[in-house]
Amino acid sequence: MGEELRNEEREVVDRNEKKLRKDLDGDKEKLQEKADKASKKLREKLKTLPREPGVYFHKNAEGEVIYVGKAAVLKNRVRQYFQKSVKDVKTEALVREIADTDWIVVDTEMDALFLENEMIKRYKPKWNILLRDDKTVSYVRIDMKSEIPYVSMTRQPMGDGAKYIGPFYAKRTVQTALRILRRVFPYYDRPYTGKKTLNTDLGLTPGIEVGKSSSKEYKANLRKLMRYLEGDRQKLIRELKKEMDEASKKLDFEVAAKLRNQYFGLTGLKKKIVFSDKEFLDISSDKALAQLQELLELPEPPRRIEGYDISHNQGQDVVASMVVFVNGAADRSEYRKFKMRNQKNDDFRNMREVLERRLKHKEWEYPDLILVDGGEPQLRAVRDILEPTGIRYVGLAKEFDKIIIPCHSRGAEEFRAVGISANSHIVKLLERIRDESHRFAITYHRLLQRKRMVE
């Protein structure tokens with residue numbers, strides 16, 4: 001009897017094992033079929049890659065951006081990942097995770113460089129971190145406190161009061177850009193010695209050593225160079241044109257000639273370097289903007305988003321920042337900073353003040369969406385200011401997994417909290433805007449703090 005029971009048990013186990021193995025084989029077949037289908041779809045997509053420069057986004061099966069890269073020719077660069085050439089171990093591991101690839105076409109390789117930097121800051125893709133050699137991350141350093149500053153590149157910003165622009169993830173490309181810009185805005189690339197060099201004869205230095213320029217004029221040109229590197233290019237070009245015309249009217253031909261050289265120098269750079277204002281020509285390709293449109297039931301993706309932050313030290317040197325993202329990318333030429341009239345530790349009141357002051361500037365384009373750092377209390381504090389304007393606004397809760405949206409139905413519920421995955425495109429864009437507004441506010445606060453301490 002006991003033997004019969006054991007035989008029956010073995011038969012049941014065998015049947016279960018066979019069924020489980022069959023199910024597993026079926027699952028494997030389905031998974032393989034799904035993988036083959038996805039792989040075929042990706043191969044077909046890769047055939048449509050353009051030959052223009054741009055930025056590409058590798059994604060995993062869940063649609064998460066896992067790597068962002070730039071290319072002078074998208075078709076050549078992206079297809080390299082899927083060729084059978086020998087790759088290093090990390091790259092092989094990355095390729096195994098790629099389920100889909102998207103890309104954005106830009107005008108030049110320099111456009112791709114700056115857009116790549118912006119997208120890495122936003123998405124923080126894990127493979128950019130795993131594959132990146134920290135030695136390739138660099139900053140442009142200019143110490144404007146020096147009597148005669150020089151321009152250099154460094155891997156590590158220091159707390160020395162110098163201006164650091166970056167980070168950049170392609171040092172050689174930035175060096176090339178600086179060499180070209182040096183013909184428009186001559187600068188010293190090493191500490192000033194007062195001695196004439198070959199660069200002096202080539203016109204690549206301001207010529208202070210031969211009396212061609214002064215320290216004051218040199219610093220004014222360096223400020224223009226910094227503005228250009230930070231993206232404030234269109235406004236800078238317009239200002240140069242205006243100054244050139246005014247100098248001509250005053251018959252100050254020497255100044256007009258210098259401004260003319262800078263103006264035509266910058267406009268001529270479009271063939272070599274363009275920090276494009278058309279980073280997203282088709283903004284529907286930006287998933288975060290498309291998802292925001294759907295979530296907020298907007299008629300179209302929000303083109304201009306503004307983020308605000310307050311910074312102070314226990315009610316001292318209270319400032320506010322306004323950062324602007326156009327088509328999902330930071331537009332630093334539109335940033336604004338405010339010194340608060342209300343010098344108190346009252347973030348709600350200060351947020352009201354900065355929004356009231358901002359809305360009085362009709363000459364500034366109104367945003368499609370405003371991001372307030374915080375939840376219901378912060379939104380409630382500014383609701384009566386923003387509601388009459390018709391501008392949509394949302395809050396990003398401190399735990400970062402909830403977006404707080406005002407209800408317009410005038411029902412009992414004032415706000416609704418929408419849970420969003422921390423890896424979603426929306427959260428990554430909003431976190432990027434919040435982090436940038438925080439950085440910009442702290443920078444201004446520290447500047448005022450230093451000024452007060454030396455007075």
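Author: Two strands pair if DSSP finds at least two bridges between them; strands (E, at least two residues) and helices (H or I, at least four) are DSSP runs, numbered from the N terminus. The model is predicted, so local features need pLDDT of at least 70 and side-chain atom pairs count only at pLDDT 80 or more, while totals for chains, interfaces and linings use all residues. Residues are numbered from 1 along each chain as its sequence is written, and side-chain values use heavy atoms, with hydrogens and water left out.

Strand 4 (residues 138-142) runs antiparallel to strand 6, and four bridges join the two. In one of these bridges, Arg141 has Tyr164 of strand 6 as its partner.

Strand 1 (residues 54-59) takes part in other pairings. Six of its six residues are buried (under 20% relative accessible area; exposed is over 50%, partly exposed in between, with a 1.4 Å probe and protein chains only), so strand 1 is largely enclosed by the rest of the structure. Gly54, Tyr56 and His58 point one way from strand 1, while Val55, Phe57 and Lys59 point the other way. Strand 1 pairs antiparallel with strand 2 (residues 65-71) over six bridges, and Lys59 stands opposite Val65 there. These two strands form a hairpin with five residues between them, and Gly63 in the turn has a positive phi of about 85°. Strand 1 also pairs with strand 3 (residues 100-105), antiparallel and over six bridges; Tyr56 has Trp103 of strand 3 as its bridge partner.

Most residues other than glycine have a negative phi. Lys124 has a positive phi near 45°, and is found in the loop between helix 4 (109-123) and helix 5 (126-131). Lys124 is partly exposed, at 47% relative accessible area. Glu297, also not a glycine, has a positive phi of about 55° and is found in the loop between helix 11 (287-296) and strand 7 (304-313). Glu297 is exposed, at 68%.

Thr389 is in the loop between helix 13 (376-386) and strand 12 (392-396). Its side chain reaches the backbone oxygen of Leu386 at 2.6 Å, and a polar atom of the Thr389 side chain lies 3.1 Å from the backbone nitrogen of Ile391.

For the whole, the protein chain has 14 helices and 14 strands, and 47% of its 455 residues count as buried.

Notes: A polar contact is a pair of N or O atoms within 3.5 Å; within protein, one must be able to donate a hydrogen and the other to accept it, and residues adjacent in sequence count only if both atoms are side-chain atoms.
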